Amino acid sequence: MSFNITLSGINAINSQLDEISNNIANTATTGFKSSRANFASMYAGSQETGVEVASQTQNIETGGSLVTTGRSLDAAIQGRGFFVSRDTDGSVLYSRVGIFNVDKTGYLVNSDGRRVQGYAMTPGSTALGAMGDLLIPNGQVAAQASSRVSYMGNLSADWSVPAVTPFDKTNPQTFNSSVVSTVYDSLGTQHTLTQYFVKTGSNQVDVHYAFDGSDLATTSTLSFGTDGQLTAPAAPVTVALGTPAGAAALSVDVNYLGTTQFAGQTTTSANSTDGYASGTFTGVALTEDGSIQAQYSNGQKQTVGMLALAGFPNEGGLTPVSGTSWEASSKSGAPLYSTPGAGLAGKLVTGSLEQSNVNMTSELVNLMAAQSNYQANSKVITAQNQMMQALMQAV
């Protein structure tokens, strides 16, 4: 019986060494989680029969350190949760490795080529679609006509009313200052909207408009209080720009909120419009809230999907598989899907990856302890063998 007891110890230590060696081998593996072998004594009734490895504990809840990569499609999970992917055979796998790419068919895939799972989104909407494979549209984004112009600045209180009248955009002596804004029509063609500021009285400035160099009928009046703050108009000024060739009629609302009239220099602190020309697809990026953004040559970004993260009632019950991944099991419970930062799901750190959580110092100490334990069991076998030989010689 003692031979069998000692043999069980050696077998259990071999299993422990498997865990230790696997941890050490994966010290540099992205997203790897260490594990340990748990020993338990064995009995046959009241008779001791040795030891066995009764269970394996995965150290999933301890996060690895983060390393910055700067790559827009790398991400680490800070907190609980797993990235979700689907293999070609339909099996769903879970991983902490956030290395993503767009394959030749336009799908977002992980480093093993499995399709990443998430929620489809329509550009311009925050509603989440059905969960599934994330297809990245790589076509051209349509142009958007301008509808708003935001201007803010200081129109100097030191201005004098122009001595030359009436206003004539070709004669600088008939206005005090001007500013040009770029606007886009429905085809994405650029046009210019010029505003000419003419002081007409105390705390009052008239604005004349020209579109692509042609005078427009609209004129607005800016009024200021004795504190230099704008008092009128209280709402944006609607300026009809006409109908550019081949495009739809164009009209913009010009907002002067925040414009002042203080002594000193005339300055412009804001001059922006909301339209843009069409653009071609240039790439995709991942944001910290899990949004997947398609990027275009015109500088526009459109959210086309949202990454899904999975949590489990018992993460330690997941079954480890190749590719630094896990499968759900009856012990882990069913996956609970959410988006990054929602509920119990951790947040994303983009441009970073999670390193292995293996503590090399602890593993080397465990290795020395296992070696000592193995040697002790071997000595027991040696002693038993010598005793058996002595017994045989005495018979």
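In this predicted model, strands β13 and β14 (residues 190-201) run antiparallel to each other and are joined by eight bridges. One of the contacts ties valine 183 to histidine 191, its bridge partner in β14. The two strands belong to an open, antiparallel sheet of five, laid out in the order β13-β14-β15-β16-β17. Its edges are β13 (177-184) and β17 (230-232); each has a single partner strand, so one side of each is left without a neighbour in the sheet. Going from one strand to the next, the twist averages 35 degrees. As background, strands in a sheet are held together through backbone hydrogen bonds, in either a parallel or an antiparallel arrangement.

A second open sheet has four strands and mixed pairing, with the order β18-β19-β12-β20. Here the edge positions go to β18 (237-242) and β20 (267-273), and since each pairs with a single strand, one side of each lacks a neighbour in the sheet. Neighbouring strands are turned against each other by 20 degrees on average, ignoring direction. Within this sheet, β18 pairs with β19 (residues 250-255) in the antiparallel sense, over five bridges. Glycine 242 has leucine 250 of β19 as its bridge partner.

Strand β23 (residues 301-307) is worth a look of its own. With β9 (residues 115-120) it makes an antiparallel pair over three bridges, and tyrosine 119 finds its bridge partner in methionine 306 of β23. With β22 (residues 291-296) the pairing is again antiparallel, this time over five bridges, and isoleucine 292 is bridged to glycine 305 of β23. β22 and β23 form a hairpin with four residues between them, and glycine 299 in the turn takes a positive phi of about 90 degrees.

On the helical side, α1 (residues 2-25) passes a simple geometry check. Its 24 residues, at 1.5 Å a residue, should span 34 Å, and the C-alpha atoms at its ends are 34 Å apart, so expectation and model agree. The buried residues of α1 are Thr6, Ser8, Gly9, Ile10, Ala12, Ile13, Gln16, Glu19, Ile20 and Asn23. In general, an α-helix makes a turn every 3.6 residues, so positions three or four apart point the same way.

Searching the whole structure turns up two cavities of 30 Å³ or more. The largest holds about 40 Å³ of space, and its lining consists of Phe83, Val84, Ser85, Ser95, Val97, Phe100, Asn110 and Val116. Strand β5 (residues 82-86) gives the most to this lining, with three residues. By class, the lining has five nonpolar and three polar residues, with no charged ones.

The second largest cavity has a volume of about 40 Å³. Ser95, Val97, Asn110, Ser111, Asp112, Arg114, Gly323 and Ser325 make up its lining. Ser95, Val97 and Asn110 also line the largest cavity. The lining of the second largest cavity divides into one nonpolar, five polar and two charged residues.

As for open sites, the largest pocket has a volume of about 200 Å³. It is lined by 13 residues, with Asn22, Phe32, Lys33, Pro320 and Trp326 lying nearest its centre. Two or more lining residues come from each of β2 (47-58), β25 (319-321) and β26 (325-327). The class breakdown for this pocket is four nonpolar, eight polar and one charged.

The second largest pocket contains about 170 Å³ of space. Around it sit Ser34, Ser35, Arg36, Thr57, Gln58, Asn59, Glu61, Asn357, Asn359, Ser362, Glu363 and Asn366. At least two lining residues each come from β1 (35-44), β2 and α2 (360-394), and α2 supplies the largest share, three residues. The lining of this pocket has no nonpolar residues at all, but nine polar and three charged ones.

Note on methods: Residues are numbered from 1 along each chain as its sequence is written. This is a predicted model: local features need pLDDT of at least 70, side-chain atom pairs count only at pLDDT 80 or more; totals for chains, interfaces and linings use all residues. Side-chain values use heavy atoms; hydrogens and water are left out. On a 1 Å grid over the protein atoms alone, a cavity is a set of points where a 1.4 Å probe fits but cannot get out, and a pocket is an open set with protein on both sides within 12 Å along at least five of seven lines; lining residues have an atom within 4 Å of a point. Grid points are joined across faces, edges and corners, and a volume is the space filled by probe spheres set on the points. Ala, Val, Leu, Ile, Met, Phe, Trp, Tyr, Cys and Pro count as nonpolar, Asp, Glu, Lys and Arg as charged, and the others, Gly among them, as polar. Two strands pair if DSSP finds at least two bridges between them. Axes are lines fitted to C-alpha atoms, for helices over the stretch in contact, and angles run from 0 to 180 degrees between N-to-C directions. The expected span of a helix is 1.5 Å times one less than its number of residues. Buried means under 20% relative accessible area, exposed over 50%, partly exposed in between (1.4 Å probe, protein chains only).
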